[in-house]
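Thank you for letting me take a few minutes of the meeting.

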Amino acid sequence: MKSKHHLDFLEQLESESIHIMREVAGQFEKPAMLFSGGKDSIVMVHLALKAFRPGKFPFPLVHIDTGHNFQEALDFRDYLAKKLGEKLIVRSVEDTIKRQNLTETKGKFPSRNGLQTFTLLETIEEFGFDACLGGARRDEEKARAKERIFSVRNEFGQWDPKLQRPELWNTYNGKIHQGENVRVFPISNWTELDIWNYILREKIELPSIYFSHEREVLDYNGQLMFVNDFIKIEAGDKISKRKVRYRTVGDMTCTAAVESDATTIEDIISNIIITKTSERGQTRIDDQVSEAAMEDRKKGGYF
Amino acid sequence: MDILRFITAGSVDDGKSTLIGRLLHDSKSIMIDQLKAIEKQSKNMEEGEIDLALLTDGLRAEREQGITIDVAYKYFSTPTRKFIIADAPGHIQYTRNMVTGASNSDLAIILIDAENGVVEQTKRHSIIAFLLGIKHIVVTVNKMDLVNYSEEVYTKIVSDYEKAAALIGIKKVTFIPISAKKGDNIVDRSQKLVWYKGETLLQYLENVKLDEDIDLENPRFPVQFVIRPQTEELRDYRGYAGKIISGIYRKNDKITVLPSGVESRIRKIEVASVEQEEAFAPQSVVLHLESDVDISRGDMIVNSGKLPQVGQDFEVVLCWMSNQSLVPGNKYLLQIGSRRVKSVVKTIEYKIDVNTMVKEPSPEQGGLNDLVRVKIKTASPIAFDSFTKLKVNGCAILIDETSNSTVAACMIQ
């Protein structure tokens, strides 16, 4: 018999995340929350509502727009910020490329993942953010599995995996020197399935792109890439209209769709339960470059 | 469905990573692409064996050197539970990493290599698990396949461990004979270990009772943040946001604010903006009080009938985590929950030999990975409980104010 004073796994995760967000509000002068319009960051916003309402969020929402984002995610980003009456700051990678004379990535699927870091660091500097809340999860990738919840970065935003602070109990040390900042990951302990189950339970609204729809895609070694202006279409490319949905939402140049008829959250959850491929493995081209792709990006200042 | 957080203590040689890999693999938590990636790297593929250990090593240096450097977190679930594994390295130079992993664990799996039996490392891991107040300890005797699944070998190890555990002070231990490499008694019952009638490791992890681990008797609520919207319609709204770390709070309860000692009553409890009659650990809530008292981050709201200790002088057992030595007289910031105060380590009473539990009196200093008992004085009072009585309010960290690093994990005695 469970007593009535018992939290189930989603309630426990929720409370842990709220606690972390409130620690950020209590420990930092100028925090920000990174918000892309993807499912994980939408869950983050939902948790922030639970942590701070009826007050306003003690931080703005910040989006680093690569210029390669899906329109559906951008529209949802603007819609949600407006609906909640929270401040949204958008900074564009396009502008950074021009300003800093950066070189665009080349290739069939030119990802701006690396370039995104430049804009993120510029934005952190512009506003003097001392902490950035992000929706990364440890189950996503093995370098992330090693990162602390409060991850201290040097003035170049770099992560040094060998110099991480011990993180004990639920006691978070957010003390930093001038110029450093902390990346904070409140949903570190959630898995992909936890996120979906929470979205279902809390009836959280999502962009349409997560549900089955018809889309023109290029079949690239089994990865279904949306045909858009930023990828290079060549003779011999297999292009067709397919019923797809997105399991993750990143850039159009590096996020693949999955074939699916799922039109409800319940459908998506049963899809995920029977799927045999991991989230990033199925949908991200950018992690497949090398064994340590994510570790290298993080060391370079990436989220 | 609830959450079980556990740590695995052992070294690569004991088969720790293989054990975790096996748990993930046999509970069908590994995806095809992840399996393919490790197949590519496995050296013994010709024997048809995947090196499951590769699943847990996340950093380049770890893969290159074949060791675990830092704590990695792994996740899997079964229909009854969500599991969070803190995979920590086992060698003595990584004691602080094990302490870190143990600090958030409900349970510890201690691995013993059946060929080697109880060794120094086994004792060290057990001592750390014990000092960090881990309530559930399960000893898995691994590599049973290499000792012909012998009951005699197993029984000898169990009896050796029980003797060691009694000396440390560990009261209850569960033993399971396994072979992580062959998959015996991890998820599936072993066909070879027929003389063993107990649960498999996964059955044990699914069934172990956790409800009593949360203290519902001693209400403790560290204030993290004050919510004051200051809008026209919410001009008088003043809510204290925080997480109840133990106990139950009910509307109209008589409470005391610490360290000031001011008393009041609970006027309203909100959980995610919804008013509730009561709230309990570990919920994150907003409390409202009847009277207008001065409360800010770092204060603690407790039930007036169940007061913690309040003071500036206390003793702690700490694990030192910095390369810079701990010398009596050194000053640090002490953080307990949301409260940070200046403090000084007055004296080092003794150092605990982490392999034997033998106390070395009055060492001149404490070094990296040392466990020492010290006297601390803080600049202003803190509200605390003894770690052994109420872990959640008996734990603290020390922060070096010049480097901002976390230098010690403290268990208040």
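This is a predicted model: local features need pLDDT of at least 70, side-chain atom pairs count only at pLDDT 80 or more; totals for chains, interfaces and linings use all residues.

How far apart do the C-alpha centres of domain 2 of chain B and domain 3 of chain B lie? They lie 29 Å apart, where the domain bounds come from an automatic or database domain assignment.

Residues are numbered from 1 along each chain as its sequence is written, and chains are lettered from A and ligands numbered from 1 in the order in which they are written.

Let me stay with chain B, which is divided into domain 1 (2-213), domain 2 (220-303) and domain 3 (309-412). Between domain 2 and domain 3 of chain B, the contact takes 12 residues from domain 2 and 11 residues from domain 3; two residues are in contact if their C-beta atoms, placed from the backbone, lie within 7 Å. On the domain 2 side, strand 7 and strand 15 (300-303) of chain B are the elements that give two or more residues, and strand 7 of chain B gives the most, with four residues. Helices (H or I, at least four residues) and strands (E, at least two) are DSSP runs, numbered from the N terminus.

Taken as a whole, chain B has seven helices and 22 strands. Its radius of gyration, taken over C-alpha atoms, is 24 Å, close to the 22 Å that the globule rule gives for 413 residues, so chain B is as compact as a globular protein of that length; the rule is 2.2 Å times the number of residues to the power 0.38. Of the 413 residues of chain B, 48% count as buried, that is, 20 or more other C-beta atoms lie within 10 Å of the residue's own, with C-beta atoms placed from the backbone.

Now to chain A, whose domain assignment gives domain 1 (9-193 + 292-299) and domain 2 (206-288). The centres of these two domains of chain A, taken over C-alpha atoms, are separated by 24 Å, and 23 residues of domain 1 are in contact with 21 residues of domain 2. Helix 3 of chain A gives the most to the domain 1 side of that contact, with three residues.

Chain A also has an open sheet of four strands in the order 8-7-9-10, with antiparallel pairing; two strands pair if DSSP finds at least two bridges between them. Strand 8 (223-226) and strand 10 (258-259) of chain A stand at the edges, each with a single partner strand, so one side of each is left without a neighbour in the sheet. Six bridges join strand 7 (residues 213-220) of chain A to strand 9 (residues 239-245) of chain A, and A:R215 has A:R242 in strand 9 as its bridge partner.

Finally, how do the two chains meet? In this model, 46 residues of chain A are in contact with 51 residues of chain B, and the largest share of the chain A side, nine residues, comes from helix 1 of chain A. Helix 2 of chain A is mostly covered, with 10 of its 14 residues buried, and these buried residues pack against elements including helix 1 of chain A and strand 7 (220-227) of chain B.

Methods:
A residue is buried if 20 or more other C-beta atoms lie within 10 Å of its own, exposed if 12 or fewer, and partly exposed in between; C-beta atoms are placed from the backbone.
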